[in-house]
Amino acid sequence: MAMTKLWKFLRNIQDLNWGQSVEVTKTGAEAAKAVLDLAKAIKEQKPNVQNFKPYVEQISSLLDVFNSPLGQITKEVIPFAPIAITILKFIIDATNKEPSLENCVLLVSQAAYIDSFQDILKQDSELLQKIDQNREASETLAFQIHKLGEQEFDEREVKKAILYFHESQLAESFNQILQQRLQEAGLSEAEAKTFTERVARHTDENMQDALVEVGEKADKLWKWYSAGGKEKLEKNLNIEDYLQHVDFVTSDSGWLTDKNTRFLFLLDGFDELLLEGRASGGLKEFLEQVEQFQKDRLCHHQFLITGRPLALQGIERLLSQTKSLKRVELQPMDDSLQQKWLEKWAIAAQVNKSEFEKFLQACPDEVKNKLAREPLLLYLLARMHRENRLNVQMFAGTDAIKAKIRIYDESVKWVLEKQRNSENQNDNSRLTGLESEDLRQFLTEAALCVVQSGNESARVTMLEARLKDSNNPAAKLIQDARQENTSEKNQQDKLLNNLLTAFYIKPASGDKGGSVEFVHKSFSEFLFAERLLKSFVDWITKVNKRDFITTEVMDKQIYDLFGYGNLTPEIIEYLMGLLAESSEFHDVERLCQLFRRLEDFYFRWCDGEFIDAEDANLPLIKKKQLREQLPERENQLGLRQVDVCTGLNVMILLLELHRYAQQRDELKNKIVFYPCGQKNQEGFDRNRLLRIINYSNCITVAEFPFKVGQFLSKVNLSDADLRQIDFSGADLNGADLSGAYLYLADFGMVDLSYADLSYADLLDASFGEYANLSGINLTNANLIYTYLAQTNLKGSNLKGANLSNAILNEADLSDADLSDADLSAANLSDANLNNANLSNANFSRANLEAVVWNSDTKWFNAKGLHEAVGVSPELSQDKAFAAAVSLSQGFSWVREGKIKEAQEAFKQAQILDQSLRNSAEFWNSICWVGCLHGYAQGVFKICEKAVTLDPDNKASQDSRGLARVLTGDLVGALEDFQAVVDSGALNYSNDVKQRRLRWIEALKSGNNPLTPEELEKLRQVEG
């Protein structure tokens, strides 16, 4: 086969009469300069032989330009293709002979390759920054570039470059040079290899343009193109390749039966048999033929047939009964496989791999960790990213749910409108006979059916019924597919399968009776949320200028939408994200109208209006419908199931609208949901939620916490009666349970962080292990005997809480406020008390074995600390703790009348903690206890000292007022108590404040309010 050199063939054209050769340049830099100068000369003038001579003879090939700094090449605005075109035209004019096709390709490929390099590098600013733009090629590489000009290529390989340059030997040789050059400039081997492959692929485009331009001057080349030479060449080369690699074919017409050769036949896309006009029976026939062929004793070949599984619906039996056909499923990609896919995509699609990777990293976790692991969906994302339907900029300033919604919305639009476009027409419409709007409605109804069927799959009959009710044209398509006429039935079957396979819907796993599910669950969740939003808009849009859709119609639609299946967190997340983005709800009043209508339904449902109805019983209507559509679940579909599902789903919507509104200033006073009604208002029923929970439990035990529990964060249940309720696993983060009656309630694995349980009765309530109560407000809560072992109470407010006999071993109470709490007989072994405020807490008989504490743990003024058990030697020797124990002991002796012992204990406390000598709080404590137990006269000076040390401390002034009353100074006492009340220092407790106000009224009348009975009561409640 004839061989041609890359560049030196020019010098062998004798008719050009180049003349005597000049000395060839010695360095790569000079050769590079010669190429650049030649390009400039061609751009600026019309050269002749003498103009060419200094350049052509110094250049080993046009790729000599890669000896120069790469920054210089990218900065030049001179195109290189004209060099090849001009030289070829010059040869034709000077010799009156046309160069061969091979010579044309050799010249044009060099220029096209350099132009491709310029184009791609200029567009990739990130890559341009990585390379050293000022570094010249090394001497070793310069020598390799020089030798490239002498390399020979056979005619077949040169022709091959016309069709697919990137697979030719020319590309391989050029890529070796460029890859080494890029690595010298600072790129890694992988980066350099990927970039050169992109350049080679882009060269295909540049070459075609240049060859056509040359062909206008070269008559033979022009005729070759016009007569379809390119197509014939491609066919011939393919045949040559085939014959070259499968030698036996040339001599054996029975190559399929040759025992020495085995073939693996890859038949891609069996579902296309349906999309291109074959009925479902055709696919079965085809697979049977494959099966018979593989069973043949002379057959030793294998077939791998790929496609979407929906097309197999109806012929699964054939697959399950034969051993010759095996069904396999693609698994999600791992990291390494995904990387390989991305690398190949970058080459095949001629895109920047790193840009798509940046996009994936910016995607929400569900998209990048789940969808992007599915080959089909990864391709969908990649395709839309390449077409700029999806990009990183879409996510700027958005949260995760908005980003997901934009991805899914664009995905659905693309599948409906762009996926199968050809020749300016939408093939989806052509194949299914439906418009995009009808197709989208079809998808949302399919999603609704999947959710109502239990979030798994839906029967096609169910979908058909819903579409029929909505007058969607797809219903007729499904209905026609059931008719008796075989040929027409096959045609409609084909259309139905077109409809399903085109939109990422697949047959349900193991189903043989016509059920479908979405290829990824998130698509059905998103589309169902879209379906719900449409109904929301209908409910607040006036049918005429005055009236909204009637309450009766809306009630029926609510049962239709929510009568079976539950709203999952994923669906709700999409729904609220869509609602926030929808222009229909930018008007505050429209959202308030939606809330009011749903709330009205909720309260009527609570009263049993619908299940007790005698005429149009909506639960009964929905039950009958579902039993027809889901006969396999007949035993699970009763009136109560439908009614409970509907009510709980509406409750979830109200909880979400409440939470949404509370985050927005313009809504938080207008949309407030109280499941029991608003406290102290007409309609408040503290037992309402208790009845709802018990009603739902008649379906399944723990039905309420399972379906609604995860939506209860920030719920307002103030003063609700929730005795013995199981809240296991619920999210009560930030919930208002103040004053609630929670006797024997179960809070196992519940998130109660930052919840308000102040004044709640939690007697014998169980929190289980690992419940999260961090930041919770349990001020004055009743927690007697409560099980809180290993509970997270970090930063919680337990001020004044009654934790007597509570189980708190291994609980995290770090940063918690336990001031004034009753911890008598509580088990605190191994509890974390770092930074906890324990002042005034009662530790009588509390178990402090192995507790964790630090220097910021506040023990001061703790009562009964001297009676605590299990105190370690390390803790007992801690000065702050020891001082608090002495003070606690002293108070105990005051109560027992052992004044001298008490005085010694107080002195010991000051020795252990010298800061107490100047502590107003220390002296105020002694003042208060002394007054309560009959020693007001003896501690009066101590009371004065406390006020002097901290005049702004109203607690000290309150104690001094008590001392003044008990020592007969009623005027001074009135002055002190009035100042304390006016300062607002007593607003933390209405009982304490009212008590002082009664004293003030008595003092104003000249009476001593502290009778023996009053003083005894004071010792009990404030002692």
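A residue is called buried when its relative accessible area is under 20%, and the legends below apply that cut-off to a predicted model.

**View 1. Asn809 in a loop of the predicted chain.** Asn809 is found in the loop between α33 (703-707) and α34 (873-876). Because its relative accessibility is 19%, Asn809 counts as buried. Apart from neighbours within four places in sequence, the residues in contact with Asn809 are Ala789, Gln790, Asn827, Leu828 and Ser829.

**View 2. Helix α4 and the residue that follows.** Helix α4 covers residues 81-95, and its 15 residues should span 21 Å at 1.5 Å a residue, which agrees with the 22 Å between its end C-alpha atoms. The buried residues of α4 include Ala84, Ile87, Leu88 and Ile91. An α-helix has 3.6 residues a turn, so residues three or four places apart point the same way. After α4 comes Asn96, which has a positive phi, near 55°.

View 3. In one of them, Trp345 and Tyr379, the ring centres are 6.0 Å apart and the planes stand at 90°, so the pair is edge-to-face. This pair links distant parts of the chain, with Trp345 in helix α16 (residues 335-349) and Tyr379 in helix α19 (residues 375-386), 34 residues apart. Trp345 is buried, at a relative accessible area of 11%, whereas Tyr379, at 31%, is partly exposed. Tyr559 and Phe610 also form an edge-to-face pair, with 5.5 Å from centre to centre and 65° between the planes. Here Tyr559 belongs to helix α27 (residues 551-562) and Phe610 to the loop between α29 and α30 (618-629), 51 residues apart, and both Tyr559 and Phe610 are buried.

**View 4. A cluster of rings, and a charge over a ring.** Tyr602, Phe603, Trp605, Phe673 and Tyr695 are linked into a cluster by ring pairs. Arg664 lies over the face of Tyr660, at 3.6 Å from the ring centre.

**View 5. Confidence along the chain.** The protein chain averages a pLDDT of 81, and 81% of the residues score at least 70. Confidence is highest in helix α29 (residues 588-606), at a mean of 96, and lowest in helix α13 (residues 272-275), at 46. Over residues 18-25 the pLDDT is below 50, and this stretch has 20 contacts in the model beyond near neighbours in sequence. Residues 242-252 likewise stay under 50, with twelve contacts beyond four places in sequence.

Methods: Residues are numbered from 1 along each chain as its sequence is written. This is a predicted model: local features need pLDDT of at least 70, side-chain atom pairs count only at pLDDT 80 or more; totals for chains, interfaces and linings use all residues. Side-chain values use heavy atoms; hydrogens and water are left out. pLDDT is the predictor's confidence in each residue, from 0 to 100. Helices (H or I, at least four residues) and strands (E, at least two) are DSSP runs, numbered from the N terminus. Contact means heavy atoms within 4.5 Å. The expected span of a helix is 1.5 Å times one less than its number of residues. Buried means under 20% relative accessible area, exposed over 50%, partly exposed in between (1.4 Å probe, protein chains only). Rings of Phe, Tyr and Trp (its six-membered ring) pair if their centres lie within 6.5 Å; planes under 30 degrees apart count as stacked, over 60 as edge-to-face and the rest as tilted. A charge sits over a ring if NZ of Lys or CZ of Arg is within 6 Å of the ring centre and within 35 degrees of the ring normal.
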